[in-house]
Amino acid sequence: MTDATLPPATSEPSSAKPAQPKSLYAIDELTRKRNAAEKRFQAYGIGAIGIGLFFLVVLAIAIISEGIPAFTKTIVEVEFTLTQEQYDEAEGQLFKTKAYEQIFIGALQGQLEEKGLDVPFDASTIERIVGKPGGDIRSFFKADESQLGQPVSFELAASSRVDGYINGRVTRENMTDSRFLQKTDLDLVDILVEASIIRSVFNWSFITGADSGVDNPGGAGIGASVIGSFFMMLVVLFLSLPIGVAASIYLEEFAPQNKFTDLIEVNISNLAAVPSIVFGILGLAVFIQFMHLPQSAPLVGGLVLTLMTLPTIIISTRASLKAVPPSIRDAALGVGASKMQAIFHHVLPLAMPGILTGTIIGLAQALGETAPLLLIGMVGFVARGYPDGFVSGFLDPNSAMPAQIYTWAARADYAFYEKAWGGIIVLLIFLLTMNILAIILRRRFERRW
Amino acid sequence: MSLFWLVVIVLAISLAGYIVGRARAFSSAAGEISQLHSLPSYYGANVAMKAAVPAFLVLIVWLLAQPFYINSTVSSTIPDTAIQEGSSLGLVMAEVRRAATGLDNAVAAGQMSEEFARNARADFTDITTRLKEAGQIVTSDITQPVMRAAQSYRIMVATGNLYMSIVVVLIAVAGALWGLKETNKDFRARNTVEKGIRVILFSAALIAILTTVGIVLSLVFNTIEFFRLYPATEFFFGLTWSPSFSGRGGSSELGIIPLLWGTFYISIVALVVAVPIGLFAAVYLSEYASSRVRSVAKPLLEILAGIPTIVYGLFALLTVGPLLLSVFGDNGLGIMQAGTAVMTAGLVMGIMLIPFVSSLSDDIINAVPQAMRDGSYGLGATKSETVKQVILPAALPGIVGAILLAASRAIGETMIVVLGAGAAARLSLNPFEAMTTVTAKIVSQLTGDADFASPVALVAFALGMTLFVVTLGLNIVALYIVRKYREQYD
């Protein structure tokens with residue numbers, strides 16, 4: 001009672017103004033602060049996601065804008081007729097290719113005059129733009145003399161600097177005069193572009209070709225290394241799927257609860273987190289040093305990647321086996337199936353879509369992996385050509401897509417960088433296809449129990 | 001007979017065994033299927049299994065053991081005088097193997113008679129030029145001891161392969177006969193086959209252990225070899241990294257400290273980028289976002305995790321590096337010399353780790369029971385206060401585990417640092433300077449035709465060992481924390 005009788009004002013002399021009746025609708029200072037903090041916090045979250053997506057967009061733009069030029073090449077197209085007399089005369093000279101070059105230049109000049117564009121140029125300019133065209137022309141007519149006297153149109157690949165100029169990689173501002181290209185040459189290039197003698201065409205040889213030497217970025221293609229990757233993926237698929245499924249069935253359905261099973265499980269989860277380069281060291285030491293398997297062979301690459309993908313496949317297979325409800329097993333056992341029959345005839349088919357999805361994702365991971373391949377020698381000038389047959393596809397030295405991209409990125413000539421970006425587009429198309437396939441499989445066959 | 005045909009023959013024997021075994025079971029029951037203990041296919045499978053499994057086991061063991069045996073036998077015949085100054089037995093053996101394959105190919109291509117390949121003497125004939133003309137890669141002049149060794153190597157390989165084929169086929173036939181002998185209507189074929197399948201399943205699970213054992217053995221043996229050539233204390237405590245490939249690496253300084261410093265510096269930059277972004281993204285996605293936003297944003301973020309690391313490496317080298325250089329380089333702030341630097345690699349690696357941190361933390365935040373959130377809301381807390389004062393503390397151990405896993409990823413990452421971080425080993429605090437890491441040096445020491453006997457190549461195994469131990473330690477701690485935390489709320 002005494003407390004209640006105390007005048008409230010005396011207990012808090014500092015708060016001079018009388019306490020106003022507070023409405024729940026009026027927002028006071030503290031609430032405002034807390035709401036602002038709430039807003040800020042939410043904005044941080046949106047910002048974080050925004051930054052993540054921003055990086056994704058930047059990456060995508062970089063890849064596409066830098067990589068697209070790899071799919072086009074610049075050609076110089078000149079049409080002319082070589083008469084029998086010209087041919088004989090050229091063959092009679094000491095510098096035969098030089099003579100053909102003169103004919104080529106003459107034809108080019110003629111074509112320009114025809115279009116009303118008259119520009120003087122000399123042979124060295126032409127050489128800087130298309131290299132030395134004489135040899136190509138000579139071998140063409142030498143191989144097929146019946147073409148003499150008929151109009152033939154020649155498509156010659158322009159030099160990589162000219163290609164860069166057309167693609168915007170080389171500009172008048174950033175280039176320096178060199179023996180490869182001079183600023184004055186670009187005037188002629190501009191005119192030739194206007195006369196549509198120089199133009200861009202789709203570069204099939206990039207998709208189908210093999211790696212070229214360090215001095216010929218224009219001729220480099222990713223085709224051979226795609227084949228290398230393909231054979232590697234065959235090895236990975238045919239080893240890791242059966243082994244992974246068998247191991248998962250054992251661990252999920254049969255393994256007794258003991259120390260040894262625990263050891264296997266801990267092992268698998270640790271292997272999944274071992275850096276990929278360590279698997280490369282394993283491959284080098286065991287498969288190449290110890291077993292003397294051929295270096296740079298897709299077989300060895302496939303074996304290393306198999307060991308690397310196994311944990312991924314085992315983990316996802318176990319998850320999909322676990323997702324099959326026990327009632328399926330019980331029903332099968334109830335009608336007299338053995339445990340093995342219940343699993344192989346009933347549980348496994350039901351878990352198959354999940355297993356396949358996991359396998360495809362594991363394969364996609366393996367397809368993009370580079371580091372272990374560097375250690376087993378799939379780097380450098382390896383993908384020189386296509387393998388001759390099925391067996392040599394596994395055993396002959398070849399590169400793989402990511403290793404080929406690395407090889408290009410490590411070369412000094414920046415024209416190879418364009419190829420590297422282009423290679424990434426090809427690689428990502430493969431990965432995208434595989435992931436979409438996995439998603440479709442999951443959507444189509446996924447069952448909710 | 002090539003390996004391929006051997007495998008085909010064994011498979012054919014086991015297929016024939018299947019058909020015969022099945023038929024035999026039928027005939028033993030006089031065609032009455034109800035008289036059989038098991039389904040007829042099990043009798044066939046029993047025969048097939050007994051034909052194929054032991055034969056393939058022997059084949060694999062033989063393939064592993066034969067090169068080992070031949071190598072040691074042949075190398076014991078090489079006299080010490082044949083090993084030149086500055087060379088080693090391993091190099092001479094490599095030469096022997098090359099010469100042997102050269103002879104093989106020359107004979108196969110018909111450029112050399114079998115007789116000649118077996119008996120030619122290198123000191124009387126121009127075998128080296130003949131091999132070179134046949135398109136074989138022979139590095140140096142073949143000396144007579146090498147030639148002798150190569151010839152005996154060839155003969156041993158040929159006879160070894162012959163014996164292997166005979167033994168394997170015999171085992172397959174014997175297995176099939178054994179299986180057929182057992183087959184009668186009372187034989188418990190299903191139980192036998194199922195027991196066999198169980199053993200096969202178990203051995204598949206063992207491969208995981210074998211992989212680990214393989215990793216550990218290949219690292220340990222080569223690391224010991226390395227420490228025999230180079231003192232361990234200088235490796236672990238040395239402050240300079242300057243391998244010299246000349247003179248068999250005699251004057252190299254191979255201290256790991258600068259590499260470890262580069263590795264940790266880059267990883268820290270990566271984590272500074274990835275952890276806040278990933279964590280905030282996870283909190284937003286699990287606590288604030290509507291299910292529609294979540295279903296779009298989460299997979300989009302996870303694309304970042306599915307992009308191969310070579311793409312990030314190229315992105316670092318060609319996009320981020322030049323960009324940073326234009327800001328911090330000589331035309332800007334002047335503290336950056338080249339595009340490849342700690343900052344370049346760290347930033348890009350951070351981008352790669354964002355989805356890794358965010359999806360792991362997302363799982364952990366979702367595992368916090370709803371009752372804890374409801375309790376906090378009931379006391380009048382706002383959402384952000386709940387997150388900061390209830391959810392994050394409850395999820396902290398799991399988040400720490402996730403960060404440790406991300407750190408282990410960053411330490412083991414190779415392609416980004418190979419392309420983005422530079423090649424110079426340096427102990428410096430400036431994040432805009434090029435530094436190098438353990439993984440990048442493993443790659444550079446082991447690519448190319450390395451001589452595995454020299455310390456400059458073997459050091460890669462010691463580096464790999466260090467990397468393996470560090471990442472394994474981080475993983476074990478992280479998995480332990482995550483697992484322990486999960487049990488709290490289950």
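Just after helix α8 of chain A, Gly168(A) takes a positive phi of about 85°. Helices here are DSSP runs of H or I with at least four residues, and strands are runs of E with at least two, both numbered from the N terminus. This is a predicted model, in which local features need pLDDT of at least 70 and side-chain atom pairs count only at pLDDT 80 or more, while totals for chains, interfaces and linings use all residues. Residues are numbered from 1 along each chain as its sequence is written, and chains are lettered from A, with ligands numbered from 1, in the order in which they are written.

Reader: How many residues of helix α8 of chain A are buried, and which are they?

Author: A residue is buried if 20 or more other C-beta atoms lie within 10 Å of its own, exposed if 12 or fewer, and partly exposed in between, with C-beta atoms placed from the backbone. In α8(A), residues 160-167, six of the eight residues are buried, so the helix is largely enclosed by the rest of the structure. They are Ser160(A), Arg161(A), Val162(A), Asp163(A), Gly164(A) and Tyr165(A). These buried residues pack against β1 (72-81), α6 (123-130), α9 (183-194) and α20 (415-445) of chain A.

Reader: What is the overall form of chain A, and how much of it is buried?

Author: Chain A has 20 helices and three strands. Its radius of gyration, taken over C-alpha atoms, is 34 Å, well over the 22 Å that the globule rule gives for 449 residues, so chain A is more spread out than a compact globule. That rule is 2.2 Å times the number of residues to the power 0.38. The C-alpha trace spans about 125 × 85 × 40 Å along its principal axes. Buried residues make up 41% of the chain.

Reader: Which helix of chain A gives the most to the side that touches chain B?

Author: Two residues are in contact if their C-beta atoms, placed from the backbone, lie within 7 Å. By this criterion, 66 residues of chain A are in contact with 68 residues of chain B. Helix α3 (residues 29-67) of chain A gives the most to its side, with 17 residues. That side has 50 nonpolar, 13 polar and three charged residues. Ala, Val, Leu, Ile, Met, Phe, Trp, Tyr, Cys and Pro count as nonpolar, Asp, Glu, Lys and Arg as charged, and the others, Gly among them, as polar.

Reader: How are α13 and α14 of chain B oriented: parallel or antiparallel?

Author: Two packed helices are described by the angle between their axes and the distance between the axes. Axes are lines fitted to C-alpha atoms, for helices over the stretch in contact, and angles run from 0 to 180 degrees between N-to-C directions. Angles under 35 degrees count as roughly parallel, over 145 as roughly antiparallel, 65 to 115 as roughly perpendicular and the rest as oblique. Helix α13(B), residues 370-378, packs with α14(B) at about 155°, their axes 10 Å apart; the two are therefore roughly antiparallel. The contact is made by Met372(B), Arg373(B), Ser376(B) and Tyr377(B) of α13(B) with Thr386(B), Val390(B), Ile391(B) and Ala394(B) of α14(B).

Reader: At what angle do α1 and α6 of chain B pack?

Author: Helices α1(B) (residues 3-28) and α6(B) (residues 144-182) pack at about 10°, with axes 10 Å apart. That makes α1(B) roughly parallel to α6(B). The residues of their contact divide into 11 nonpolar, five polar and one charged.
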